[in-house]
Amino acid sequence: MTEVKRIDLGHINLRGDAGDDRFADGVEAALGLTLPVDPNTLSESDHRMYWLGPDEWQVVADRKNVPVLLKKLEDALVDQHVSINDLSGGQVTLHLAGADVPELLAKACTLDLHPSVFGVGDCAQSGLAKANVLIGYIDVAPVYEIIVRRSFSEYLLRWLRQNSHFQVGTASS
Amino acid sequence: MLLISCPYCGARAETEFSYGGEAGIERPKDPHALSDAEWADYLFMRKNPRGLHTELWIHAQGCRRWFKVERDTVSYKITSSRELSLGASEKE
Amino acid sequence: MQRNRLENGGRIDRSQVLHFRFNGKKLEGYRGDSLASALLANGVTVVGRSFKLHRPRGIVGSGAEEPNAIMQIGKGATTQPNLRATQVEVYDGMIARSTKGWPSVNYDISAINNVFSRALGAGFYYKTFMRPQALWRLYEKIIRKSAGFGKAPKVADPDSYEHRNAHCDVLIAGAGPAGIMAALAAGLSGARVIIADEQCEFGGSLLASTAMFDDLPATDWLDDTLAALAEMGNITMLPRSTVFGYYDHNFVTIAERCTDHRNEAERHGVRQRLWRVRAKQVVLAQGAFERPLVFCNNDRPGVMQASAVSTYLHRYAVRPGDRAVVFTNNDSAYQTAIDLLRAGATVAIVDSRPGGAGAISQSATAAGIPVLAGHIVVDVNGGKRITGVRVGKWLGEAPQVVASSMLIDCDLLAMSGGWSPAVHLHSQAGGKNVWDDELYCFVPGESTQANQSVGSGNGKWLLSDCLQEGLAAGNNAASRCGFKPCDVAVPETGSNIEASIEPLWRVPSEEDPDHCPKQFIDFQNDVCVSDVRLAVREGYRNVEHVKRYTALGFGTDQGKLGNINGMAVVAECLGKSIPDVGTTTFRPAYTPVTFGVLAGDSVGELFEPVRTTAIHEWHEAAAAPFEVVGQWHRPWYFPKKGEDLQVAVERECLATRNSLGIMDASTLGKIDVRGPDAVEFLERVYTHNIGKMKVGRCAYGILLGEDGMLMDDGVMARLGEQHFYLTTTTGGAASVLSWLESWLQTEWPELDVYLTSLTDHFSTIAVVGPNSRRLLQKIGCDIDLDKENFPFMSVKGAELGGTQVQLFRVSFSGELAFEVNIDSNNALQMWNMLIDAGQEFDITPYGTETMHVLRAEKGFVIVGQDTDGSVTPGDVGMNWLLSKDKDFLGKRSLSRPDSIRHDRKQLVGLLSVDEKTVLPEGVQIVVDPDLPQPVPMCGYISSSYFSACLGHPIALALVENGRARKGEILYAVLTDGSVVEVRIVSSIFYDAKGERQND
């Protein structure tokens, strides 16, 4: 049994130069977490920060904290060549819980999600069915966080509904 | 289906990538100094070799980075996969 | 009555009687039976008619190679055609029909073909039915019907199918002795293993074997080993799963039949599953096929593979005949003779080799089986069932004619022409096959991917060799993946079958090969020795051409039985060796797979993603029909009660022009551009002057490909000195972002610019019409919206109705208009607020159709509708957008000779002279419709609508040299041949001065 919850979270997209100490320090100061520079990993404190690419990250946080975090990032990274964008309106966050999740996702995702390969704290952008997704293994329980573009979310939920016997719930973080 | 090694994200299925054609096609610095034939050569002519081919791919479903792949067009074996910056000097 | 069922033995459960129908006849079988074994148990000999000659055919094999027993299983929506009876498990209530043999396998009107079979040689269909071409449809209908291939169901498939992506260290194709040993070794090493086998049970040849392992039946070892594999957590075992495709980089596909073996009422869940496996290492253990021998009338029911006879005896406890002859050129069939004798049949061996067999010969003789060494079967007696074989003496050379010297009565002929490894997957992977001069077969050559072939699939006929090779390959594969190989005990087999064979490709007969009774090479396609010889005589030399001319190796079995024999006959005719003739290409699928399993769940609502905006539920509640744009579902129009498209759109257009319209424009692509080099970057890709843009201002921008053709367009807003915001067309959002990224990353990495897609984050609500400003003011806007402070083509952050938005003063309708960009989380609320507050202005929601009409009235192009990738800015009157002060992508191409031709098609307006006809989009424009055909065409209509504001139809068209032809009368030719007079006019129909949008 897989439990699927739609979580109301906020999202910030961040671009910058990982090789610049000022950037990493600024991010750490603003968000209170270490900039994940290892590919396909995330770091976590009160919020999660996903590595998306060599110069791109996504912060997932409580929606109501987003304005504050945006401000903190802007202040900490002022004078640097960065790009900080609120994407909260454009992303839908799902939490999938249960031991069968890797198997469920394997129906329509080409990633190897075997726990020996994709462990807690790992993340990857890939395709799930015909939508692009960001998948993070966020809790050993296991819980997987799936972030999808808002416009694809109804399609993805339909896919999940058809491919698993799960209960959809909503929850606020 | 190819298994392509993104220099940033690692080996992923071909479905995550898009093809960008021959690598190393440099945009002329001053297009208007070129004859029509020279411009057409830049626009349209490609090597299309039988054998090793250096080509561009983008990890479209992943990190959205372009990179350079050396692939055998007969066996489809990929012999290298590198960040663009690492191979810049080899531009032909 | 299962008259051929043995009382004991077999892997069947006699306590579970299964009732089924074959061609309408009620029959019984047991749990564990294949359809073929159940038919044989019931004494059914004729299972179909052949494709071309309509000869009666019986079961030949026991597996994937079966060419004759091709069945339609089930009925109605869930029926499946073209299944091999040898691979179908019988279930209670099964309905099976021969796919070949309409109207009856026993009485066939087309059998008259057989009488005239001389006329039906190679290429007969090509030669006869090619002309006149007009009659081909008729011919095809008759041929198809009487050939009677299976029928696809006519109604939607109610079953569900799914895909499953999988990754493993070692994938093993085939769970016979070699495959199981490989799995055991790799599994014990700790590797992630998948082992798949097409049969319902693992074991391969062991399931029908009398072999002893360590002095116990081999099946004991099998049971123990499978139990051990099942205990390991790292092995996925897939029975009923055919590895059917081997693609690049060790990507392998497996079709798993999950519920096909159950009665329809007991089928629950997924019917078939497609496994898409990426394996680090692959072990190919698919086994081998026994080759038929090619003698006269070798297709008569009752002629079977020797190994198949043994399989029916041991695995299914079915004795397919009472009086048997075994005809062989190698040792392996001797075991079949012994098996038959033990099962109570009389049996004789005809061995083409003058010296007979090796050690096993004594076993046969000792058992009392007469052995005729140096003899061959030259012909067969009997029609729907063989009644005897004619045997002649043969000295091992290859004379053209051999007289028969004796007739042996029999009802079963078990033949063995040697073995061919199933090299299919090895070949699909790109590996070549090499001819083995001792084994007389192709064996897998060097692998081109990370795979190893083992067991009989690698030309190893001895069980002990198969086990050893499987073990070695399993360990090897595991260690290549970084696991430590382990020591596994290989059982002692004590087999005494030697692997000696003397080739006998075409058995001489009583007449020469071009005039003797038919010697079949490919049963399914009725290809005979004489056909192949004819093809060669007619000039075909390449085996691929012979294949296509004769149809050798076509059909559901893809030549699994006949290919090597066919090549040998070609080689003989050409005086070449078999390896010189070469093999045909092996392609997926190894055996046929269903469309259902290939489609998986990508059907119905999941066939294509549906993208929806944040306001979608409102549109649904308003009962708007949706138009699919890209993957987006956009409201098309908002009908009031009783309105059709035209009435609704006319109302929407008028309301918007006269008062207030509102549209969900959220699907527009939106890109955030930031960085110190943002201006420089945009200068290089957009055609207009970016640097001159002031912060807070917007500009219409176009993107060209390097070929100079219009690629996309949109509004560009300058939000800061180093900060821009771009919109793209709905369909172009992803491709434009990717296009911009490609230039940044590959060509200009020195530019410091970041691009971020905001398409989903922002929803866009267009508020359009003379009352739009009043509406925004009414709900409360903290910026001054008047003309002076917020002029046309401006952008400002604002608080609107208490919510932070980005407000644009842009217009795609020519009216005073605003676009509200808002966090999608707040979009629906904002939409509702605007709708409520707009009631006093009779606010009218409109969809894509009205949007199209409004923009067409203004002559605004839609990239992709009024352009098609061959249209320059000049063609659509946008030269004013091209900066002369800088280079930009595509600029150089605009001076290519083709770009400056005077007769290029140009965008113009068109009016129907009758002021009534709304011209269909896409129709061609001609100067004179009365010219002889083909009438020269000078353009086509790209957009066409009825304009309610103007009271007549309008159209946009691309017409050769159109701008210089204003006022000219041309003709639009409709698809029904009728002609409409049209006049070329300006492409701007409404408010040519643009006063309304500037208001």
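## Contact between chains C and A

In this predicted model, 29 residues of chain C and 30 residues of chain A take part in the contact between the two chains; a contact means that the C-beta atoms of two residues, placed from the backbone, lie within 7 Å. On the side of chain C that touches chain A, strands E8 (160-173), E34 (669-674) and E38 (754-757) of chain C each supply at least two residues. E8(C) has the largest share of that side, with six residues. Strands (E, at least two residues) and helices (H or I, at least four) are DSSP runs, numbered from the N terminus.

By class, this side of chain C has nine nonpolar, ten polar and ten charged residues. Ala, Val, Leu, Ile, Met, Phe, Trp, Tyr, Cys and Pro count as nonpolar, Asp, Glu, Lys and Arg as charged, and the others, Gly among them, as polar.

Residues are numbered from 1 along each chain as its sequence is written, and chains are lettered from A, and ligands numbered from 1, in the order in which they are written. Local features need pLDDT of at least 70 and side-chain atom pairs count only at pLDDT 80 or more, while totals for chains, interfaces and linings use all residues.

## Contact between chains A and B

Ten residues of chain A are in contact with eleven of chain B. Strands E3 (48-53) and E7 (123-128) of chain A are the elements that give two or more residues to the side of chain A that touches chain B. The largest share, three residues, is from E7(A). That side has three nonpolar, seven polar and no charged residues.

## Nonpolar cores

The largest nonpolar core has 123 residues, and Val170(C) and Ala182(C) touch the most other members. A nonpolar core is a set of buried Ala, Val, Leu, Ile, Met, Phe, Trp, Tyr and Cys residues joined through C-beta atoms within 7 Å; buried means that 20 or more other C-beta atoms lie within 10 Å of the residue's own. Helix H5 (residues 177-189) of chain C gives the most to this core, nine residues.

Leaving aside residues up to four places away in sequence, Val170(C) touches Ala186(C), Ala191(C), Val193(C), Ala279(C), Gln281(C), Val283(C), Ala477(C), Ala478(C) and Cys481(C). Another core, of 115 residues, lies apart from the largest one and includes Ile73(C), Ile349(C), Val423(C) and Met567(C).

## Helices H21 and H22 of chain C

In H21(C), Leu775(C), Lys778(C) and Ile779(C) meet Met833(C), Leu834(C) and Ala837(C) of H22(C). The contact has five nonpolar, no polar and one charged residues.

Technical notes: A residue is buried if 20 or more other C-beta atoms lie within 10 Å of its own, exposed if 12 or fewer, and partly exposed in between; C-beta atoms are placed from the backbone.
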